[in-house]
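Student: I would like to go through the side-chain packing of this model. Can we take it residue by residue?

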Amino acid sequence: MVLFIVITVVTFGIMEGITWCTHKFVMHGFLWYLHEDHHQPGYPHVFEKNDAFFIIFAVPSILLFYFGLEPVLNYKFFIGLGILLYGIAYFLIHDVLIHQRFKWFKRTKNRYLRGLRKAHKIHHKHLGKIDGECFGMLYVPFKYFKK
């Protein structure tokens with residue numbers, strides 16, 4: 001049981017690196033046409049083309065859940081769980097806290113969360129796919145926590 005918890009937590013941590021690489025090289029690379037609307041200020045619709053990435057990341061998680069139950073519960077299930085938990089954290093941090101797509105946590109005074117928002121605003125100051133910075137979600141360089 002402890003091994004399954006470790007696998008879940010390690011997978012969650014690895015997802016930050018996968019997210020950074022995917023954001024920098026895929027979203028700001030060959031799939032820019034799906035991500036571009038996310039960088040436009042005041043996007044008028046409820047959904048963005050960028051939301052397709054939630055589905056792209058959900059597919060491996062769903063498959064790992066399925067194969068993690070065959071023939072019995074195994075480590076693949078917990079890798080899928082780590083991906084799912086990271087997806088939930090991403091949704092809460094990125095869509096709720098940073099972009100305020102849902103008005104749930106509008107006035108946080110938490111230093112870490114404010115640093116996250118600041119770094120993401122710096123990322124979005126670039127409206128094009130080049131010259132970006134701060135591609136991660138949970139890891140933020142120390143300079144964004146300074147006042």
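Student: Is Phe 67 buried, partly exposed or exposed?

Tutor: This is a predicted model, in which local features need pLDDT of at least 70, side-chain atom pairs count only at pLDDT 80 or more, and totals for chains, interfaces and linings use all residues. Residues are numbered from 1 along each chain as its sequence is written, and side-chain values use heavy atoms, without hydrogens and water. Buried means under 20% relative accessible area, exposed over 50%, and partly exposed in between (1.4 Å probe, protein chains only). Phe 67 has a relative accessibility of 43%, so the class is partly exposed.

Student: Which kind of aromatic pair do Tyr 66 and Phe 67 form?

Tutor: Rings of Phe, Tyr and Trp (its six-membered ring) pair if their centres lie within 6.5 Å; planes under 30 degrees apart are stacked, over 60 edge-to-face, and the rest tilted. For Tyr 66 and Phe 67 the centres are 5.0 Å apart and the planes stand at 80 degrees, so the pair is edge-to-face.

Student: Phe 54 and Tyr 90 also pair. How many residues apart in sequence are the parts that this pair ties together?

Tutor: The pair is edge-to-face, at 6.1 Å centre to centre and 75 degrees between the planes. Helices are DSSP runs (H or I, at least four residues), numbered from the N terminus. Phe 54 lies in helix α3 (residues 52-67) and Tyr 90 in helix α4, so the parts tied together are apart in sequence by 36 residues.

Student: What does Thr 22 touch, leaving out residues up to four places away in sequence?

Tutor: Thr 22 sits in helix α1 (residues 2-30) and is buried, at 16% relative accessibility. With contact taken as heavy atoms within 4.5 Å, the residues touched by Thr 22 are Met 27 and Phe 57.

Terms used
Helix = DSSP H or I, 4+ residues; strand = E, 2+ residues; numbered from the N terminus.
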